[in-house]
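Here is a short briefing on one protein model. Take a look at the sequence and the structure first.

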Amino acid sequence: MNPVKHNLAITLAIATVFAIGAARADDVVSLRTESRSLERNAAVTGETQANSRISQDFASFAGSDANAGNLVTGLRRGTPVTLTTSSGTSQQPSSVSFTPPTRPMGNGNVYISLALAKQQLASLGVTQPTPEQLKAALVGGTVTTGSGTDARTVTLTGVLTQRSQCMVWGNIAKSQGVSLGSVVSGMKSANHDLTAIHSHQVSAVSAAATSVSAGGGM
């Protein structure tokens, strides 16, 4: 290779590495910001509204609204989670339970955990996981994709297990070969919706107060 072209290729490679590193650093900062915003929004809109909004983003992935709600509640409280196949699916009826290895988690960390588990399974070609596959992605286990000669079994450490070992989110995502960018985007959308809900709540309270005040003056 021409020396000039060789040096240019090396320079471009180094620049690319730095660019990727900078992008990851930006994602980590944005993740922290959105996570804090999610906590603030949960405080003002109420825990029920926050849990419902987070569950909304993972209902399809979890297989049902009930499964998504169980996941959010279980991770928030650090209590056992039960996942079942919903009626009418092509999956064989099954049910699994597990206890999160993490302590009770904040809303932001709950969102990140589920989003990373979803991305990891998607990277393996699993977009509609069984309860067993969901459990494996979260606390560890094996996931088999394909069939016959194309079957492949992968052992997963589990997002929650990694987190319980004091791994930061950036390193967990890196170990799985996934990006934090889409996690940040999802959290931004959730925060936007919760902010809108809070604004509606404030308006409703204000309107009610005005109505009472007007009635009292008659």
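A contact means heavy atoms within 4.5 Å. Among contacts in the protein chain between residues at least 6 apart in sequence, 60% join residues at least 24 apart. This is a predicted model: local features need pLDDT of at least 70, side-chain atom pairs count only at pLDDT 80 or more, and totals for chains, interfaces and linings use all residues. Residues are numbered from 1 along each chain as its sequence is written, and side-chain values use heavy atoms, with hydrogens and water left out.

**Overall make-up**

- The protein chain has eight helices and four strands. Helices (H or I, at least four residues) and strands (E, at least two) are DSSP runs, numbered from the N terminus.
- Read from the N terminus, the order of elements is α-α-α-β-β-α-α-β-β-α-α-α.
- Of the 218 residues in the protein chain, 35% are buried. Buried means under 20% relative accessible area, exposed over 50%, and partly exposed in between (1.4 Å probe, protein chains only).
- The protein chain exposes about 11900 Å², and carbon and sulfur atoms supply 56% of that area. Accessible areas come from the Shrake-Rupley method with a 1.4 Å probe; for residues, only the protein chains shown count as cover.

**Helix α5**

- Helix α5 covers residues 131-139; seven of its nine residues are buried, so the helix is largely enclosed by the rest of the structure.
- The buried residues are Pro131, Gln133, Leu134, Ala136, Ala137, Leu138 and Val139.

**An aromatic pair**

- One aromatic pair turns up in a search of the whole structure. Rings of Phe, Tyr and Trp (its six-membered ring) pair if their centres lie within 6.5 Å; planes under 30 degrees apart count as stacked, over 60 as edge-to-face and the rest as tilted.
- Phe58 and Tyr111 form this edge-to-face pair, 5.0 Å centre to centre with 70 degrees between the planes.
- The pair links distant parts of the chain: Phe58 sits in helix α2 (residues 47-62) and Tyr111 in helix α4 (residues 107-123), 53 residues apart.
- Both Phe58 and Tyr111 are buried.

**Helices α2 and α3**

- The axes of α2 and α3 (residues 65-77) come within 7 Å and cross at roughly 125 degrees. Axes are lines fitted to C-alpha atoms, for helices over the stretch in contact, and angles run from 0 to 180 degrees between N-to-C directions.
- That makes α2 oblique to α3. Angles under 35 degrees count as roughly parallel, over 145 as roughly antiparallel, 65 to 115 as roughly perpendicular and the rest as oblique.
- Residues making the contact include Phe58 of α2 and Leu71 of α3.
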